[in-house]
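Welcome! Try each task before you read its solution.

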Amino acid sequence: MSASASKNPSLTAAIRDHRVFGRLPANAQASLANALTVQGYEAGVRLADGETFTAHLYWLMDGAVELQDADDQVLLTLQAGEFFGLDLGGDLMACAAVALSACRVAHLDHATLNALRLEAPALSYFLPQGSRLPRNALASAGTETDPALNLMTTPVRALIKRAPITLPPQTSIREAAQVMSEKRVSSVLIVEQDHLFGLITDRDLRNRVIAAGMDTSRSIMDIATLAPMTIDVQNPAFDALLLMARHNIHHVPVLDGQRIVGMITATDLTEQHSTSAVYLAGDIYKQGSVEGLQQASTKIKRLQQSLASAQASAYSTGHIITAITDAITSRLLQLGEARFGPAPVDYVWVAAGSQARSEQTAKSDQDNCMVLDDSYDEAQHGAYFKALAQFVCDGLDACGYVYCPGEMMAMTDTWRQPRRRWVEYFARWTGQPDPKALMLTCVFFDLRAVHGNSQLLDGLRRDVLERTRGNSIFLALMVGNALTHQPPLGMFKGISSIRSGEHKGTIDLKHTGVVPIVDLARVYALAGGDDAVNTHDRLLSAAAGGAISEQSARDLRDALEFLAFTRIQHQARQIAAGLAPDNYLNPDDVSNFERTQLKDAFTVVQSLQSVLGQRYKM
């Protein structure tokens, strides 16, 4: 390599003749020539890696360069005229460049490149907008680059632009229109004595007043949407988007407890977050057939790729991917009710397993059930709910959520029952915990309402927790069941891969990595009467309740995040290669640093399993 950077006298000509830079106006070409630094490298020299690689744009002027991954494996060979660095390559995950032959490379730092984009916007068409984040930033709040992820972490409160505009119920339509015009708002809330009665929008004025020729002296209550859907100020903005998409509404009042604090609109969301994740959720609710949903669902794998490329945390990825599954499920139920008619009695469609915990990835089967109101009568209502459940489960399968191998789905008669029967199920499972009962408790304790009357599930979960809190015999058996999933560590604490069969030489990131932590957190929840469902949230509650120390809970959360993140990245690489995603990682496919982190994560899990085993030793 040359001892120092130099300005090449032929650089101006090279810029002029280049297929991208040659498109720039003369003044921008001159600025670029001043900003670029040219260096020469000998064959075999490692010319960029790590943060240097991702923080610069490189232009290979002559010679050849190899791009390599974190394990020094060759990914691609580049020829003169091509670019590398920054985001180029996307899911290829290139992170280093080595000179294949003697070459000259011009490089430009990220800040200078952005300044040039302002001077010559044409550059933005050909070059990436920013560099990938380093992996150690994967869980840092505010560092995730996909704006969709901000919807998960941004509370609704942050989207409120002004104090709520309210009017009393007796206000005339004309007076309301004048207020909306003066305040320049598209909606007002109808409030009296701090109680929300309804809302009216500019669409109501157009469709219900002007188009209908209504007398504008009448009360706004005559055109209002009464008892509107609301959202809590602390909820993530993504929840607001799903609420609007699901019910085709554009204005949602925001409450802090029972107090009205503002209004958010669809524009508040889309102005700031016009991303694929957002619009995929909205697109799902626009579909009028299973075929349409099937087509929309093909974008889920690409969504996971995008999240993985953005170095999104596993926690955020799980919530976003699961939110899409919830949207597909809800839309299938809406289509089912349109086909078979309104439900004859109340019900709630319930997600189980990873969907319930908001921990899904692009590779998921379906675990679900139905809790029916106790007014359910098999002779009168059985055929309806059987047809509806079959329609939804078939639709989920068509959308890529394969049937549960154990048939733990609402289409199975056993798992489509009135609430009183579910109470009997849990009483038997917790009172007579044989191996099958323990397995069923693991599946059906992780439940979350997706569609319908959620109160049917809320009461059921409270009953279950009352039975399990302090039930030492049941908890000891649950711990014993949980310890059947052991981390893949050998006698000397090294990583032990699968020894034979189809997946020989790999480790199962799901069943020997993530699942043991899920099992531990579930036991903590059952023991403490905690109604949290997400594993991360259960670990927080366990520490707050004293079931484990703050340090142990933090260690388990970090281990869960790393293992789940590694699993998501592994699946994203498979998807990019055109392979079906799975959970089997070859330890040789990751760097020494990552293997060390895997071993540390497995050691944390094994240690906490041992502690719990001693606590509930029978």
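**Exercise 1.** In which helix is Gln-355 found? Then decide whether Gln-355 is buried or exposed, and list what it touches.

*Solution.* Keep in mind that this is a predicted model.
Step 1: Gln-355 belongs to helix α15, which covers residues 353-356.
Step 2: Gln-355 has a relative accessibility of 7%. Buried means under 20%, so Gln-355 counts as buried.
Step 3: Leaving aside residues up to four places away in sequence, Gln-355 touches Thr-322, Thr-325, Asp-326, Thr-329, Gln-360, Arg-448 and Val-450.

**Exercise 2.** Describe how helices α14 and α23 pack.

Step 1: α14 (residues 314-340) and α23 (residues 550-576) pack at about 60°, and their axes are 8 Å apart.
Step 2: This angle makes α14 oblique to α23.
Step 3: Ala-314, Tyr-315 and Thr-317 on the α14 side meet Glu-561, Ala-564, Phe-565 and Ile-568 on the α23 side.
Step 4: Sorted by class, this contact has five nonpolar residues, one polar and one charged.

**Exercise 3.** Find the buried residues of helix α20 and what covers them.

*Solution.* 
Step 1: In α20 (residues 472-482), the buried residues are Phe-474, Leu-475, Ala-476, Met-478, Val-479 and Ala-482.
Step 2: Their cover includes the helices α17, α18, α19, α21 and α24.

**Exercise 4.** How many salt bridges does the structure hold? Look at three of them, starting with Asp-446 and Arg-357.

*Solution.* 
Step 1: There are 17 salt bridges.
Step 2: In one of them, the side chains of Asp-446 and Arg-357 meet at 2.9 Å, N to O. The two residues are 89 residues apart, Asp-446 in the loop between α18 and β19 and Arg-357 in the loop between α15 and β17. Both Asp-446 and Arg-357 are buried.
Step 3: Lys-386 pairs with Asp-413, their closest N and O atoms being 3.2 Å apart. Because Lys-386 lies in α16 and Asp-413 in the loop between α16 and β18, the pair ties together parts that are 27 residues apart in sequence. Lys-386 is partly exposed at 38%, and Asp-413 is partly exposed at 41%.
Step 4: Asp-519 and Arg-522 form a salt bridge with closest N and O atoms 2.9 Å apart. They are three residues apart in α21, so about one helical turn separates them. Asp-519 is buried at 6%, as is Arg-522 at 4%.
Step 5: Through shared partners, salt bridges join Arg-357, Glu-359, Asp-446, Asp-519, Arg-522 and Arg-538 into one network.

Technical notes: Residues numbered from 1 in each chain as written. Predicted model: local features only at pLDDT ≥ 70, side-chain atom pairs only at ≥ 80, totals over all residues. Heavy atoms only, no water. Axes fitted to C-alpha atoms, helices over the stretch in contact; angles between N-to-C directions. Helix = DSSP H or I, 4+ residues; strand = E, 2+ residues; numbered from the N terminus. Parallel < 35°, antiparallel > 145°, perpendicular 65-115°, else oblique. Contact = heavy atoms within 4.5 Å. Nonpolar A, V, L, I, M, F, W, Y, C, P; charged D, E, K, R; others polar. Buried < 20%, exposed > 50% of the residue type's maximum accessible area, 1.4 Å probe, protein only. Salt bridge = Lys/Arg side-chain N within 4 Å of Asp/Glu carboxyl O.
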